[in-house]
Amino acid sequence: METKELKELYKDGFDDSKEFIDYFFSNCITEDNVLLKKENGKIISAGYVIEKPAFFLGRKTLLPYFSALSTLKDYRGKGHIASIIDEGFKKLYDRGYAFCVLHPFNREYYKRYSFADINSYSESVIDGGTRFKSRLAGEDDYSAIIDIYEEYISSIGFDNYLKLNPHNLCLKFSEFASDGIVCTILSAHEDFAFAFCDKNRILFYAAKDMKLFNSAENFKGLIYEDFTKTDKHYLQGRIINVKKMLQTYPYKKDLDLSVKLRIIDAQIKDNNIITQLNIKNGVAALQPCKTSDFVFTVGELCQKMFDGGSPLFTRQKSFFADKY
């Protein structure tokens, strides 16, 4: 793998520290997840697809993230990123994935590739008022942090979320440590929250009790991303395999319905289908047909699957706090 050249491209596109870039390429990048484009033997554009363990649409799975998509400054504006994304779509389709996500620098830009908004957040500020016991987290605290994280997820009731396990947690610590960011644990009668803080922001956190967390004088005035609110859009997703998504979507268990759909996809040709979707007791099956009741682009279909508001789909509450 041409790591040195890829690092130079990364530095040309992103304002991250050398330590973080070294961490990123050492821990997240393999020969298998690199997407790149060359011109006259020189890498001019690249991106990466990184698998994240998640609970998604009712099951445990690996969710592929598009990450660090970039083109050298002198080559921008010529459609090179489009070829990187198309290559990624093809690889993911061939490998059997149904869905992918990314954290967009510009939401409207990625909608041209049929990405849809799949989770939202609001920026909140810690009020403070109560000073709790605190400590800097170390390796001995991994199990406590996992416990806090899992209770946080279950208490809010997200339908879709990244599933931290001890290995992922180690990577999360290493990721932040590469930029000199440490984790603080708060305790009352027990450990109830953790947070990675940098300057005036909390970058990643979880809490068993959000009221206590918001009252922590330890973090007073710090800004955090509240995924229980919906003022701003955070992550976008894209259907890779329409048939798989229609067959595995978590429909209501009492849903009995039959509808003919035509799906249009400008990037992934195999997703251009006309199909009859038959749902019985929430279980879906597809069969070929020649006419359609409704026509959707793949981006429109994706948005409906997460927004709900139709007889077919229910609103999905998603928590994906990673940006790559």
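Tutor: One term before we start: contact here means heavy atoms within 4.5 Å. Helices (H or I, at least four residues) and strands (E, at least two) are DSSP runs, numbered from the N terminus. It's a predicted model, where local features need pLDDT of at least 70 and side-chain atom pairs count only at pLDDT 80 or more, while totals for chains, interfaces and linings use all residues. Residues are numbered from 1 along each chain as its sequence is written, and side-chain values use heavy atoms, with hydrogens and water left out.

Student: OK, what covers the buried residues of H2?

Tutor: The cover includes helix H1 (3-13), S2, strand S3 (59-71) and H6. The buried ones in H2 are Phe20, Ile21, Tyr23, Phe24 and Phe25. Buried is under 20% relative accessible area, exposed is over 50%, and partly exposed lies in between (1.4 Å probe, protein chains only).

Student: And which residues of H6 are buried?

Tutor: Asn168, Leu169, Lys172, Phe173, Glu175 and Phe176. Looking down the axis of H6, they fall within an arc of 160°, so they line one face of the helix. That arc is taken from the directions from the helix axis to the C-beta atoms. Pro166 and His167, on the other side of H6, are exposed.

Student: What do those buried residues of H6 pack against?

Tutor: Helix H2 (18-27), strand S2 (42-56), helix H5 (142-156), and strands S8 (183-187), S9 (191-198) and S10 (201-207).

Student: How far apart are the end C-alpha atoms of H6?

Tutor: They are 16 Å apart, which agrees with the 16 Å that 12 residues (166-177) should span at 1.5 Å a residue. The expected span is 1.5 Å times one less than the number of residues.

Student: Switching to strands: how do S1 and S2 run?

Tutor: Antiparallel, with six bridges joining S1 (residues 34-39) to S2. Two strands pair if DSSP finds at least two bridges between them. Lys38 stands opposite Ile43 in S2. The two strands form a hairpin with two residues between them, and Asn40 in the turn has a positive phi of about 55°.

Student: Then how many bridges do S2 and S3 have?

Tutor: 11, in the antiparallel sense, with Pro53 opposite Leu62 in S3. In their hairpin, two residues lie between the strands and Leu57 takes a positive phi near 50°.

Student: In which sense do S3 and S4 run?

Tutor: Parallel, with two bridges joining S3 to S4 (residues 99-102). Tyr65 has Val101 in S4 as its bridge partner.

Student: New topic. What volume does the second largest pocket have?

Tutor: About 540 Å³. Of the 29 residues that line that pocket, Ile50, Glu51, Lys52, Pro53 and Leu171 are the closest to its centre. H2, S2 and H6 each supply at least two lining residues. On a 1 Å grid over the protein atoms alone, a pocket is an open set of points where a 1.4 Å probe fits, with protein on both sides within 12 Å along at least five of seven lines, and lining residues have an atom within 4 Å of a point. Grid points are joined across faces, edges and corners, and the volume is the space filled by probe spheres set on the points.

Student: Last one: is Ser124 buried or exposed?

Tutor: Buried, because its relative accessibility is 10%. Ser124 is in strand S5 (residues 116-125). Leaving aside neighbours within four places in sequence, Ser124 is in contact with Leu222, Ile223, Tyr224, Asp226 and Lys229.
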